Amino acid sequence: KFFGTLYNTYSFFALYANTDGVDPRDFFVDYDKRPEIDRWILSKYNNLVKEVDRELAIFDLNRSVRKIQHFVNEDLSNWYIRRNRRRFWASDLDQDKMAVYNTTYEVLEGLARLIAPFAPYISEEIYQNLTDELSVHLADYPVCNEDLIDNRVEERMDLVRDLVGLGRAARA
């Protein structure tokens, strides 16, 4: 499930970036000008990097992999991408659309480096396609950017996710 979800997320991003003729490396939307959902996924990603680094320091590979899988399956694919499809579909390349491209690119590129020791082939393909660099295995391992961690934004979004889950359960 993990590999399919990750590759589908990458393919979704690549499809719309190629359709729009957009390279997110050509522009940058300041983090404080990005919508809250973008700041949320960046915060979750940076917390993930910090947690994976902590788990790898004590050689707990299973816990590291489980955290990465949960992030990709639940946070990135099931929540972030689903909530932002319309932003990718927008016809104009305004600041909002540039922000979603920047954010998704940053997370996918960082994930490719983060999973490289665990999933060398898919990380290599995604990384090379995103960056045009020689190899993900020659890139630096990601480092947590503490400035992008916002626990308050994470708590608020997690509350919304819980409410949506309760609504779905009641409907079912």
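Which residues have the most contacts inside the largest nonpolar core?

1. **Basis.** This is a predicted model, in which local features need pLDDT of at least 70, side-chain atom pairs count only at pLDDT 80 or more, and totals for chains, interfaces and linings use all residues. Residues are numbered from 1 along each chain as its sequence is written, and side-chain values use heavy atoms, with hydrogens and water left out.

2. **The core.** Leu6, Ile68, Phe71, Leu76 and Leu111 have the most contacts inside the largest nonpolar core, which has 45 residues. A nonpolar core is a set of buried Ala, Val, Leu, Ile, Met, Phe, Trp, Tyr and Cys residues joined through side-chain atoms within 4.5 Å. Buried means under 20% relative accessible area, exposed over 50%, partly exposed in between (1.4 Å probe, protein chains only). In soluble globular proteins, nonpolar side chains tend to be buried together.

3. **Who contributes.** Two or more residues each come from α1 (2-20), α2 (36-57), α3 (61-89), α4 (95-115), α5 (120-131) and α6 (151-171). The largest share, nine residues, is from α4. Helices (H or I, at least four residues) are DSSP runs, numbered from the N terminus.

4. **Leu111.** Leaving aside residues up to four places away in sequence, Leu111 touches Leu6, Tyr45, Leu48, Ile68, Phe71, Val72 and Leu76. Contact here means heavy atoms within 4.5 Å.

5. **Phe59.** Most residues other than glycine have a negative phi. Phe59 has a positive phi of about 60°. Phe59 sits in the loop between α2 and α3. Phe59 is exposed, at 70% relative accessible area.

6. **Asp132.** Phi of Asp132 is also positive, near 65°. Asp132 lies in the loop between α5 and α6. Asp132 is exposed, with a relative accessible area of 63%.
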